[in-house]
Amino acid sequence: MSGVVTVNTNPYEGQKPGTSGLRKKVKVFLQENYTENFVQSILDANKDAIVGSTLVVGGDGRYLVKEVVDKIIKISAGNGVAKLMVGQNGILSTPAVSHLIRKYKTIGGIILTASHNPGGINNDFGIKFNCANGGPAPDGTTNRIYDISTTIKQYKIVPDIACDITKVGVQKFKVEDREFVVEIIDPVQDYVDYMKEIFDFPKIKSLLQGSDQRPPFKILIDSMNGVTGPYVRRVFITELGASEGSVTRTTPLEDFGGAHPDPNLTYAADLVNAVKNGDYDFGAAFDGDGDRNMIIGRDAFFVTPSDSLAVLANHLHHIPYFRGGVRGLARSMPTAAAVDRVAQAMGLEMFQVPTGWKYFGNLMDAGRLSLCGEESFGTGSDHVREKDGLWAALAWLSVLAVAGKSVRELLEQHWRQFGRNYFTRYDYEECPSDPCNEMMSELERRMTSPGFVGSTHKSGDKTYTVEVADNFSYMDPVDRSVAMKQGLRIVFTDGSRVVYRLSGTGSSGATVRLYIDSYEAKDVLGDAQVMLKPLVDLALELAQLRKYTGRDAPTVIT
Ligand code: VG1
Ligand code: CO
């Protein structure tokens, strides 16, 4: 029998969850009681439900995941949690956690990830709490966790629980007069079973293997040394019969092999080059925790996430899960408006929420939202309450199996039907914080001054007139909660748009994001960087971005 020990502690500053959980350098989490404080704050924020509850725990395999799983086991035991479901070796993708919470009706889960941020002792770690609906905790809950962390005085722990997380099976412990159970689960099984319900696997399999009518469809799936490796192997190799050569970097590594596990044209350059130089019809990459996806076609034809969302929306009926009907569609505010046109054509409700997946959950729970996405390589549906990288790749393959077209042909057909929203995003990573904050407040002051709306701006051969200029705010239509200051937005009379935000997922300095979106009804086959050049120049000029960031060029262009 083990006893509960109450340990005195002092609060740390800054345990404020950002866009998606608390993310800091590993060394910050290694400070004495830093992690314990935050875990106890999560449990205290759920005080009424915690005794006798079940929680799911797992992470993306990065450095520190195993040690923190062990702490969570001991602190959960100390706080009267009845059962933990833990991924073997601490491994669970973010969408898999969301699914497990929903399937086993737990009160929530704790996800150990800093997502697309690099891992290893000198890089990032993160802790995120998801609620009973499987989704990231809403602002109300994360604010409560933060408030508790600012005054925390003690945490409760059972130090002498020794739980082996390497073996699948149930381990039972006696904690004072209660039983505490840890079930170590196969991280992949439930998730793969669910994918087989959602999609027509035989159909995808015959696409990949080819038939009398059609040559094999060659794919390359890149897990970027992140958590999706084991999921990708089970789905593509075991279930869909793909060859070893169709998957790459499928062993989760603590430092992601030194890679930046962010599936975009810059950080997933290996995949882009392999597809460009090889004989592949389709490429996909996922981020560290498996919720993001990048889709490319033959010759590395790039599908912007905003277009990906619109194309999937338009073909959703090809996926068995949606045969019962599609409810509404949604995107985050900075995401290009391509999907809005599909919603209109299909007569569906369309929502525009702030950046961050937590804002989609209420709409899904209310039965008003089926498919949603973000420009930041996030796509997902109401099958779980997180974005889901592998799901997106399977959705694309399902659509391609029916359409009998290449990725490029499908996109070009889409643009001819709906017109094209040209989109680009510029990221200026890890800039000095103070000047960036100043840039944002100065820009907001200017944008909201009298005379800015209606003003005209020349750039290249174009003239833009401001129609709307605001700091985006959102009222949740379900619970009427309000999120303020979600990004500076300038919309021009021709419908084109520039958006400025500071990232809420970085662990140091400030990352500035600039989003540009412009619609063309007919001229749909241009190059986005060329088409958007006047608008980009204007956006840089309006914010004086070069001056404040000290950067001539962005770190990443999408
Ligand atoms: C970024 C993206 C946002 C996404 C968030 C979490 O946030 O812009 O769209 O939801 O990351 O994604 P920010 O605040 O840095 O812009 V993940 O895959 O890092 O959990
Ligand atoms: Co992620």
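I noted the conventions before going on. The model is predicted, so local features need pLDDT of at least 70 and side-chain atom pairs count only at pLDDT 80 or more, while totals for chains, interfaces and linings use all residues. Residues are numbered from 1 along each chain as its sequence is written, and side-chain values use heavy atoms, with hydrogens and water left out.

Entry, overall form. I find 19 helices and 27 strands in the protein chain; these are DSSP runs, helices being H or I of at least four residues and strands E of at least two, numbered from the N terminus. The C-alpha atoms fill a box of roughly 75 × 65 × 40 Å along the principal axes. I checked the radius of gyration, taken over C-alpha atoms, against the globule rule of 2.2 Å times the number of residues to the power 0.38. For 558 residues a compact globule would have a value near 24 Å, and the chain's 23 Å agrees.

Entry, domain 2 against domain 3. I list 29 residues of domain 2 in contact with 26 residues of domain 3, contact meaning heavy atoms within 4.5 Å. The two domains bury about 2400 Å² between them, with 57% of it on carbon and sulfur atoms; this is accessible area (1.4 Å probe) lost on putting the two parts together, summed over both. In domain 2, Met 333, Asn 362 and Trp 415 lose the most area to domain 3, together 25% of what that side buries.

Entry, charged pairs. I took a salt bridge as a side-chain nitrogen of Lys or Arg within 4 Å of a carboxyl oxygen of Asp or Glu. The rule finds 33 in the whole structure and 1 across the interface of domain 2 and domain 3. I also looked up Glu 375 and Arg 425, whose side chains meet in a salt bridge at 2.9 Å, N to O. Asp 70 forms another with Lys 74, the closest N and O atoms being 2.8 Å apart. These two are about one helical turn apart because they lie 4 residues from each other in helix H4 (residues 65–78).

How values were computed:
Chains lettered and ligands numbered in written order.
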